[in-house]
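Please describe the pockets of this protein and the residues that line them.

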Amino acid sequence: MQVAEMVRFSINLPDWYHRKLKLWAALKGTNRATLAANIVQARIEANWEEVSRELDAIAAHEGISREELEDRWLKTKDDD
């Protein structure tokens, strides 16, 4: 398996959730960035089948391949 490149981006959370994240990270003995990354990764994995089906449906609706759709979307600037 190839080692994945790590990507950094920012998120905004309401203060209430930020405080909960800090407390949860303290309980886990980690920092909030690592915990947040683990949460995001877990949710992506848990929802990937549904995401995959939706990508297939959109590509079919647009009359393009899934690969073409992914390439187009991944090249789009994401202002976060």
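## Basis of the model

This is a predicted model, in which local features need pLDDT of at least 70, side-chain atom pairs count only at pLDDT 80 or more, and totals for chains, interfaces and linings use all residues. Residues are numbered from 1 along each chain as its sequence is written, and side-chain values use heavy atoms, with hydrogens and water left out.

## The largest pocket

The volume of the largest pocket is about 970 Å³. A pocket is an open set of points on a 1 Å grid over the protein atoms alone, where a 1.4 Å probe fits, with protein on both sides within 12 Å along at least five of seven lines; lining residues have an atom within 4 Å of a point. A volume is the space filled by probe spheres set on the points, which are joined across faces, edges and corners.

Among the 20 lining residues, V7, R8, F9, A33 and A37 are the closest to the centre of this pocket. Helix 1 (15-28) and helix 2 (32-62) are the elements that give two or more residues to the lining; helices are DSSP runs (H or I, at least four residues), numbered from the N terminus. Helix 2 provides the largest share, nine residues.

## The second largest pocket

The second largest pocket has a volume of about 260 Å³. Its lining consists of R43, I44, N47, W48, V51, L55, E70, W73 and L74.
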